[in-house]
Amino acid sequence: MKAILRIVIFAVMLLASGGVASAADKPNIVLIFFDDLGYGDLSCFGSNETPTPRMDRMASEGMRLTSFYAQNVCGPSRAALMTGCYPIRVAEPQNHKNPHTVVHSQEITVAEVLKGAGYATGMFGKWHSGGSGANKHGQGTGPFDPELMPNAQGFDYWFGTPLHNGYTREPGKFKVELQRNGEVLEESTDVDMLTKRETDEALAWIKAHAKGDKPFFAYVPYNMVHVVLGASEQFRGTTKRGVFGDAIAELDYSVGRILDTLKELGVDDNTLVVLTSDNGPWVEGHLAGKTPADNHYGSAGPLRGSKMMTWEGGLRVPAIVRGPGKVPAGVTRDGIVTTMDLLPTFASVAGVAPPSDRKLDGVDVSGYLLGKSDTSPRDTFYYYGWTYLQAVRQGDWKLVLPRPAHPKWTSWYARMIDEVPAPQLYNLASDIGEEHDVASANPEIVARLTKLVESVRDDLGDYNRVGKGARFYDPGEHRPEVEKWANVTVQVNASPAPGAARHAVTAAAVSVSDAADAASAGSLRFDFESGDMQGWRVVDGGFEALINDRDKFHNTGKPYNKQGKWYLSTLETRGDRGNDNQTGVVDSPVFRVNGDHASLLVGGGAHEDTYVAMVDAATNNEVMTARGDNTETMKRVTWETGTLKGKLVYLRVVDQNHGGWGHVTLDDFSIDGTIDEEATKKHFAAVKATPPTVVVSRAPAAKPVPSTPAVPDAAPPVETDITHGFLATGGETYILDTHGKEVWRYNGATRDGWVLDSGNVLLAVNPGKGFPGGGIVEVTREGEVLWSWKGLQKETQAVEPLANGHVLAVEGGNSPRLVELERDGSGAKVALEFPLQCQTDNTHMETRMARKLPNGNYLVPHLLDFAVKEYDPKGNVVKVLRTDLNGREVHDWPFTAIRLDNGNTLIGCTHGNKVIELDPDGRLVWQVTNEDLGGNYIKDACGVQRLPNGNTVITAYASHGKAVKLIEVTREKKIVWTWSDDKGHGIHDFQILDTNGKKLTDATMK
């Protein structure tokens, strides 16, 4: 009754304003809304495996929108579409703010706006805006509150499902209830027939209203391709992509049916058709199959992330607008448009005003869609996940806000949210995949976008605050579903304190700058300018030279950005090189906090187990933490400490990592405080009696896996008698025969190497004497250097002998490049070169084992970009395979990438301690981890080789002493061979040469 009264009032208001034009002036509107369809799932948006010829034709006859945004999950996306608002603004019954927004009956929907303007309104498909029902007959069933269903929210006619299909690959307990105008037709309907039945019902309704005296609004929110997937018999088994491809094919056919019907009815030239999706693809492990054709999810194409995430792949969706004679044909536009903009836009083309008694977030983009303007009137978009603000885009710039992994206040989809330890900035015009964080180079842009964040938090709110502009219609307490998190604050760079529970760190309590020299924050200062420890003590482990005065870093020559001369570092030694293998814990004296803020410089690793913490001396709980950014250059961090006034605290430096950037640098900590000598004595006495055990908690992957078993690194028993001879490169370079006897050695550290058919060895050597930028050498078994080439930058990171006689190399430095070298006497000349497209802040992590492919292209892994890129000979990137499938906190840095004969790519992920195999579209088809093997055998999976028998050999570069250095695993993840020795170095890369004395005939897959 309330909804009917609201429509009447709204219609009277429009009539009184003279806003309602005649039916002949109003275009029909058809809105096609897919479910879980990704940015890369239509061929007109780049898909190579799900052909969509009818939608491609629609795009050629209309406009493609390439920066079109929905929300990151189904319910909120529909709320934004229906109300023209961010879901956090939308009122819900009983003042909730639910994970799936329930649109309050007093909200005004787009259907009510058009109905009030004289339109006939019909809906055909999934609603998902009226709650989860009473579940009287199982999950997915009602009864549902009639005031919250389509017929009470502006639709004259409705045929479809109140909720989604389910949440697994196959039908189970969740039922799909089918209704018509509130009457339950089927308690559990057949999902295979949903697309056909929804299309049939929509076409019958359109035909009935096309010749009427009213324009019509047909809303067609298909259930597909949300799981459980379905396709009718006509389409089952017709594609190479399994049931997912079949479902896409039927959707494409159905769109064609709708467009053909509009033409047959003679209303095509007076109908605006908009096609889009509710969010990105739902990419999660339990929806994967044994083969790519059996995966029940789509693709975000070049975008990072997927459904439930606020990376672009979660909210940026394909969109096409078609209106013959009105919408320009064959046009692509990249201006920002959102589902929220459809309500005011549809109102505009219908000749009426949108609701004026409430604030809308949508803007009228009709001029942009109809070709009257080349610029979208929207330039800003806020990325909310449920009620949690995670990013903002303005123009081409996107600022991603700090967040912990898996924040519990994001409800059931917390599992999909990865950690962002510090603000990140991306230029989406040049970096659509969000690969290159440029925050440090653009502080003014970060500052500008941060101001926008504070403004929108004040208006709309956030997970722990009520926005001034959020709507509530019911009496009683506001937002009980969110208020319970009001006292929870965001953890930034949080790691467990030694022997203590994790403690929350307020997002506002941490700010970052590049300033090295800064005024002291108070009376207490640890700047180490005395050249000693200033009362700090090592309480666990050991370090060779904690206090150092080095000006520039070992490898890159970049400055430390230190204050003064001295600083503290867990990397330094008494020699010329650092040592990441040093681990331990260092504590400061205990002091009392008297001031409102503290300041420090911090650099080094961004790992969970490398950080600086302020620790409450009474509880040993962390209260503030900070990490480096995987760079030697220290950044200025400011901690707000007002809530700690009067408390005794101490600083703790934790380094429990011995991989790349597995260290911490610290300098110039200052605060208004006083050292408490007595508390300091008690603290150091306590840790001496019981040294701290630092327990590092790694965030789980999107697909939960058991934690690594606590077993020794020693080789497991194997039931085979396999032996291998191999070349090992790394800190030591040597060849072992099949009996494990050393038969050759090179006196130098190397990165990569190959035993040639001649028996000579081709090596990429580390920077050092004679090779300041690294280089390439060919060495005989007698140690004679036959040929060499000196690198021209910081490092030579890979080498490969090519079939044409050339030698492939990659160089790391300020201008990373790939080169093919042609022998020229004892030296070389460059036959081909092109720049590599990767981050350049960290030379050492730019790239590694580049390989040339049979098609003439080059496969190059870029570690900190989390990407394996395929380059053509001109240096164009023609394919990108991403390794951050489970979020970047897992550190699945690609080190070795091998293109297999079946077209898949095998990738060794270093700090992720795993090997993954991706299909040509980047989908995971196989992986092996320590969890699979029942032991901690994979440590820095730098080198990988696929043997002719299908088994995979993997290095453990971080293993030292008698630990396992190489393992061979079967496709079924059974260990069939291991190699252990007592050498101090791990194996960086390798080449298996023979098995049981028999030379391998195909040893190139490494």
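**Close-up views of salt bridges and a buried strand**

**View 1. A network of salt bridges.** Arg304, Glu435, Lys869, Arg882, Asp884 and Arg888 are linked in a network of salt bridges (a side-chain nitrogen of Lys or Arg within 4 Å of a carboxyl oxygen of Asp or Glu). By this rule the model holds 65 salt bridges. The model is predicted: local features need pLDDT of at least 70, side-chain atom pairs count only at pLDDT 80 or more, and totals for chains, interfaces and linings use all residues. Residues are numbered from 1 along each chain as its sequence is written, and side-chain values use heavy atoms, with hydrogens and water left out.

**View 2. The salt bridge of Glu284 and Arg415.** The closest N and O atoms of this pair are 2.5 Å apart. Glu284 lies in the loop between β8 (271-277) and α7 (312-315) and Arg415 in the loop between β14 (397-400) and β15 (424-427), so the pair ties together parts 131 residues apart in sequence. Helices (H or I, at least four residues) and strands (E, at least two) are DSSP runs, numbered from the N terminus. Glu284 is buried at 7% relative accessibility, whereas Arg415, at 28%, is partly exposed. Buried means under 20% relative accessible area, exposed over 50%, and partly exposed in between (1.4 Å probe, protein chains only).

**View 3. Strand β51 and its partners.** 6 of the 6 residues of β51 (residues 964-969) are buried, so this strand is largely enclosed by the rest of the structure. Strand β50 (residues 952-955) pairs with β51 in the antiparallel sense over 4 bridges, pairing being counted when DSSP finds at least two bridges between two strands. Strand β52 (residues 975-980) also runs antiparallel to β51, joined by 5 bridges.
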